[in-house]
Amino acid sequence: MIKLFGYKHPLVCLSMNGVSEANLAIAVAKEEVCPSLFFYNYFYGNWFELLSNDLERIRKEIDGDIILSLQPDDLIKYLKDLLHLIFKYRITHLELLGLDPTDKSVLNAFNVLKKHNIKMIYKSNKYPEDPSQEVMDIIDGIILKSSTGAGRVVNIDMNMNQLIRHCKTNNPNLAIIACGGIGSYKDIQQYIDAGADYVGIGTLFALSKESIISEQTKLVAISNKHLTKLKSGSMEQNAILIDKEKPIYDPTNQFTKNNTAGLLKAIRGNGGHIFMGEGVNTVDSILPVSEIIAKLGFSQSTDIHDHEDEYHQVQ
């Protein structure tokens with residue numbers, strides 16, 4: 001296993017549009033799971049002030065690793081302010097949503113961050129087509145996402161276990177975070193057995209007690225469980241419709257691009273839709289993060305290796 005984070009469990013709470021914020025980050029970190037923040041969740045006001053406030057809250061509670069998810073273009077656009085926050089609040093990992101390895105400004109920023117031991121993680125929805133080998137050579141980890149996950153997905157020829165093995169064979173020194181459709185310990189162990197170093201979870205934590213999503217929306221999602229594919233540019237997004245209103249996709253408007261307008265309605269309990277993966281099929285009630293992690297077979301005193309014999313007997 002390639003050690004990318006300083007937490008006990010090989011789990012990552014993935015960054016989620018509209019959902020990832022301080023309360024959920026603190027809750028998962030206290031249970032030895034790496035937390036994430038999504039940069040664009042702070043763009044509905046003064047992003048620097050809002051993100052600073054959340055990071056201040058987090059650092060009063062936890063001292064471990066934190067992932068910040070953003071696009072490389074915005075890393076460059078807001079580099080001075082971001083470097084201030086990264087160093088002041090000890091953001092340890094950046095999750096990159098795309099990357100052009102020929103962009104010198106991005107590479108220069110990389111060099112600055114790597115000198116301060118900031119780890120780079122690339123999120124891919126369509127491996128092995130993306131990213132290029134040039135990108136693979138300069139990152140520390142990669143998120144591989146299956147078509148059963150929440151939000152944007154792409155149907156590819158290989159199944160998830162094949163993707164993990166392909167990536168590990170061709171990039172043995174790269175940490176792999178596999179995600180999509182996680183609902184049980186068995187799901188986690190299958191990805192670990194295939195060669196993943198970590199497993200990413202979104203849907204289960206989005207439906208947790210600590211999540212910012214309204215209780216009304218959580219209850220509808222839990223009782224409905226019917227995934228709908230929403231248009232998102234050339235891709236599709238797995239979601240649950242909270243009401244019958246047709247989502248509107250408009251790439252020219254920040255509130256409808258990526259179907260964000262309907263998502264924000266759902267988070268506030270006013271209809272819309274919520275991004276969900278097939279992990280929702282295993283959820284029957286709203287539980288605190290601690291109980292969700294316990295149901296997955298983890299606790300403060302156990303880790304993945306404590307269950308290996310039990311898992312292989314079931315197989």
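Me: Which residues of β6 are buried on one side and which on the other?

Reply: Buried means under 20% relative accessible area, exposed over 50%, partly exposed in between (1.4 Å probe, protein chains only). Gly-141, Ile-143 and Lys-145 are buried on one side of β6. Ile-142 and Leu-144 are buried on the other. Both faces are covered. This is a predicted model: local features need pLDDT of at least 70, side-chain atom pairs count only at pLDDT 80 or more, and totals for chains, interfaces and linings use all residues. Residues are numbered from 1 along each chain as its sequence is written, and side-chain values use heavy atoms, leaving out hydrogens and water.

Me: How many bridges join β6 to β8?

Reply: Strands (E, at least two residues) are DSSP runs, numbered from the N terminus, as are helices (H or I, at least four). Two strands pair if DSSP finds at least two bridges between them. Five bridges join β6 to β8 (residues 175–179), and the two run parallel. Gly-141 stands opposite Ala-175 there. β5 (residues 119–124) is also parallel to β6, with four bridges. Gly-141 is the bridge partner of Ile-121.

Me: Where does Asp-140 lie?

Reply: Asp-140 sits in the loop between α6 (133–136) and β6 (141–145).

Me: Which side chain makes a polar contact with the side chain of Asp-140?

Reply: A polar contact is a pair of N or O atoms within 3.5 Å; within protein, one must be able to donate a hydrogen and the other to accept it, and residues adjacent in sequence count only if both atoms are side-chain atoms. Here the partner is the side chain of Lys-114, at 3.2 Å. The backbone nitrogen of Met-120 also lies 2.8 Å from a polar atom of the Asp-140 side chain.
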